[in-house]
Amino acid sequence: MPACGGGADVDAPVVPSPPAEFAATAEVDRALQVVAGAGAAWILSEVDGGASVSRLDHTGELTEVARLTGLRHGMATYGDGVVVARVRCDGDDCEDTVAEVRVLDRAGETVAEEEIARREGAPYCESGTCDSVDILGVDGDAVWLETSDILPMSAETFVSWDPGTGETSSDRPQDPGEDWYPAFPGYPDPRPYLSPPSFERAPEAVAFGQGDQVFVLDAPGQIRRVVGSAGAPREEEPLEVPADVFSQDHGPTPMLLFDASPTVLVGCITHEWPSARCWIGSR
C-alpha cells in the first residue's frame, strides 16, 4: 500500500520479523473476529461502548492498537496490516450517523481513514435492523464496502476506497479480478459443512474466514480447512492445532473463530462467554 502523509516516521514502532516456525496462545475476552496477517494476527473484541483491535504477535503478546466507539465493527487484511470499518455517532449530541473506514499498518498505526457515508440522526439498531457498513473485500489497493440503512434508499450503497490516494467511487463492484480477496462473509449457514448427527461425536464448530475459507473443528486438535462451497470445494486441507485449545464436548457448540494467511494460522474458541482461548501458529 502506498504510504500516506509523506516521509517515514522516525518514531514509528519497529515490529520484529517472526521466526520461520512459531506457536503461542493468549487469553482474550469477548473476541468477535480474527484475521491472519503477515507474520501476526489481529483480534477484534467487544468492549463497553464499541470494540478494540489488538495485534497478536508470534510470541503470544497481545497489544491493543485501536479502541473504536460505535457499532457494527468489522475488519479485513490490507497489505501487511488491516482495514477496519465501523458505524459511529458524530457531534456532541450524536446528531449524525457516520460510516467510517481506516487502515492500520503492520505496527497497528493508523495510516489512512475516510468517512464514506453520513446521515442525520443517531445510529439505528432495533428488531434486527441496524445501520451498518460491511467490508466486502480488497481488490488490489481498493477496499470495497457496502452500507446499509445509512444512505437514502435511492442512493448507491456500494463504495470503493483507495487508502493510498483517498479516492472513492460509488460504482458497483465489477467482476473480481486476480487481486480480489473477499473479506469475512458474516455468518452463513454452517450446516452444509457438518457431518451427519451422531452419538459418537460432538457437533462440529464452524468458522468462516477470509478468502472463501471455512474451518471445521472435526476433532480435538483437528481443523479441516475448506475453500469454496461445501458441495464443490476448490480445496480441502487438514490443519493440526493444539488439542488442549481446540476441543469440544457433547453439549453446547463452542464459538469458533479462525483464519489463515499464507504464513499464519490464528483461531479463538469460546466455550463460555466471555473468555476465549486464542492461538497463533506458523503455516
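Strands here are DSSP runs of E with at least two residues, numbered from the N terminus. I keep that in mind for every β label below. The model I am reading is predicted.

**Entry 1: Cys 94**

I looked up Cys 94 first. I found Cys 94 in the loop between β7 and β8 (96–104). Phi of Cys 94 is near 55°, which is positive although the residue is not glycine. Is Cys 94 buried or exposed? Its relative accessibility is 17%, so Cys 94 counts as buried, the cut-off being under 20%.

**Entry 2: Arg 72**

I then turned to Arg 72, in strand β6 (residues 71–78). Arg 72 is another non-glycine residue with a positive phi, near 60°. I noted a relative accessibility of 41% for Arg 72, so this residue counts as partly exposed.

**Entry 3: the sheet around these strands**

I traced the strand order next. Four strands form an open sheet in the order β6-β7-β8-β9, and the pairing is antiparallel. Which strands stand at the edges? They are β6 and β9 (110–120). Each has a single partner strand, so one side of each has no neighbour in the sheet. On average, neighbouring strands of this sheet are turned by 20° against each other, direction ignored.

I checked one pairing in detail. β8 and β9 are joined over nine bridges in the antiparallel sense. Across from Arg 102 I found Glu 113 in β9.

**Entry 4: Arg 86**

I went on to Arg 86, which sits in strand β7 (residues 81–90). Its relative accessible area is 9%, so Arg 86 is buried. What does the side chain of Arg 86 make a polar contact with? I found the side chain of Glu 100, at 2.8 Å. A polar atom of the Arg 86 side chain also lies 3.0 Å from the backbone oxygen of Thr 69.

I listed what else Arg 86 touches, leaving out residues up to four places away in sequence. Among them are Leu 68, Leu 71, Arg 72, Val 98, Arg 102 and Val 133.

**Entry 5: aromatic pairs**

I counted five aromatic pairs. I began with Tyr 193 and Phe 208. Their ring centres are 5.9 Å apart and their planes stand at 80°, so the pair is edge-to-face. Tyr 193 lies in the loop between β16 (180–182) and β17 (206–208), and Phe 208 in strand β17, so the pair ties together parts 15 residues apart in sequence. I found Tyr 193 buried, and Phe 208 too.

The next pair I opened was Phe 215 with Phe 258. Here the ring centres are 4.9 Å apart and the planes are at 45°, so the pair is tilted. Phe 215 belongs to strand β18 (residues 213–219) and Phe 258 to strand β21 (residues 255–260). This pair links distant parts of the chain, 43 residues apart. Phe 215 and Phe 258 are both buried.

Which residues do ring pairs link into a cluster? I wrote down Phe 215, Phe 246, Phe 258 and Trp 279.

**Entry 6: a cis peptide bond**

Last, I looked up Pro 274. I located Pro 274 in the loop between β22 (264–272) and β23 (275–282). The peptide bond joining Trp 273 and Pro 274 is cis, with omega about 15°.

Methods: Residues numbered from 1 in each chain as written. Predicted model: local features only at pLDDT ≥ 70, side-chain atom pairs only at ≥ 80, totals over all residues. Heavy atoms only, no water. Buried < 20%, exposed > 50% of the residue type's maximum accessible area, 1.4 Å probe, protein only. Polar contact = N/O pair within 3.5 Å; in protein donor to acceptor, adjacent residues only side chain to side chain. Contact = heavy atoms within 4.5 Å. Phe/Tyr/Trp six-rings, centres within 6.5 Å; stacked < 30°, edge-to-face > 60°. Pairing = 2+ DSSP bridges. Axes fitted to C-alpha atoms, helices over the stretch in contact; angles between N-to-C directions.
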